[in-house]
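Okay, thanks everyone. Have a look at it first.

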Amino acid sequence: MAKLTREEMWEQMLTGNYPRLHRMRQIWGALPSSPRCKLCNAPFRGPGGVVMRAIGYGPSPLNRRLCKWCIRAIHKQPGGAEIEISVLFADVRGSTTIAERMPPDEFSRLMARFYGAAAGVIDEWDGIVDKFLGDGTVALFIPGFAGSDHAAHAIAAARGLLEQTGNDGREPWISVGAGVHTGKSFVGAVGEGDVRDFTALGDTVNTAARLTDLAGPGEILVSADAATAGSLETTGLERRTLELRGREQSVDAWVARAQA
């Protein structure tokens with residue numbers, strides 16, 4: 001068998017077809033317990049977590065959703081591949097005003113609660129927290145980890161976050177809007193030298209961000225591409241044609257909310 005190129009290796013890994021990673025996920029998956037490394041499935045808690053930490057598989061301080069071993073492997077094999085993924089952006093509405101009206105330590109605790117709620121629902125739906133951006137979060141739903149239903153998982157995670165924050169008809173403890181888009185993106189280890197991170201780049205990510213900018217409190221703007229890929233039930237949903245900042249082509253999106 002011909003040796004895989006680095007891009008082919010990344011593509012197989014990100015789509016769940018890399019034999020070595022598949023075997024590792026099966027082996028580590030037999031050990032308790034969640035949460036787990038999103039790449040190799042190594043457990044972070046319970047008896048399995050104790051064993052993994054002893055052999056260097058504990059959570060990486062660079063990305064708590066990946067283990068130290070996978071981060072080292074990413075640094076040794078820089079690169080990535082262009083694949084279809086789903087991206088979820090969610091951010092707090094009116095955070096500047098909120099911060100102005102409360103002490104910094106109280107605002108910090110409020111945002112920490114939001115980050116915790118976001119991380120929980122993203123983990124639940126097999127996404128990866130890409131980053132926290134001041135008053136928001138970015139999550140990637142990659143086929144190799146979220147499965148072929150990655151778009152449906154991203155939409156479900158967005159709905160779950162609105163529920164967790166009270167944006168489902170109850171009085172929200174923090175006002176949140178979100179955007180979900182599906183499309184091709186470059187996914188992999190981006191950067192040079194020691195400054196390298198596992199992330200996604202491209203128009204898909206940018207479009208999800210721009211959708212979020214236009215989402216009102218309690219709204220999830222789901223692009224038509226994500227809605228189709230995720231088999232979103234659109235009966236009764238509002239459809240909008242949006243002009244996104246910095247983008248020449250308009251985007252059709254459905255307005256979803258916490259309740260299906």
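Predicted model: local features only at pLDDT ≥ 70, side-chain atom pairs only at ≥ 80, totals over all residues.

Residues are numbered from 1 along each chain as its sequence is written, and side-chain values use heavy atoms, with hydrogens and water left out.

So, the whole chain. You've got 10 helices and 8 strands; those are DSSP runs, H or I of at least four residues for helices and E of at least two for strands, numbered from the N terminus. The radius of gyration is 19 Å, close to the 18 Å that the globule rule gives for 260 residues, so the chain is as compact as a globular protein of that length. That radius is taken over C-alpha atoms, and the rule is 2.2 Å times the number of residues to the power 0.38. Along the principal axes, the C-alpha trace spans about 50 × 40 × 35 Å.

How many of the residues are buried? Of the 260, 50% count as buried, meaning under 20% relative accessible area, with exposed over 50% and partly exposed in between, using a 1.4 Å probe and protein chains only. As for contacts, heavy atoms within 4.5 Å, take those between residues at least 6 apart in sequence: 60% of them join residues at least 24 apart.

Now the helix I like, α8, residues 150-164. Its 15 residues reach 21 Å from first C-alpha to last, close to the 21 Å expected at 1.5 Å a residue, where the expected span is 1.5 Å times one less than the number of residues. It's mostly covered, with 12 of the 15 buried, including H150, H153, R159 and L162. Just after α8, G166 takes a positive phi of about 80°.

Most residues other than glycine have a negative phi, and most peptide bonds are trans. Now look at the loop between α2 and α3, where S33 sits. P32 and S33 are joined by a cis peptide bond, omega about 5°, and the bond from S34 to P35 is cis too, omega near 0°. N41 is in that loop as well, with phi near 80°, and N41 is buried at 15% relative accessible area.

Finally, D126, in the loop between α6 and β2: phi is near 60°, again positive in a non-glycine residue. Is D126 buried or partly exposed? At 32% relative accessibility, D126 counts as partly exposed.
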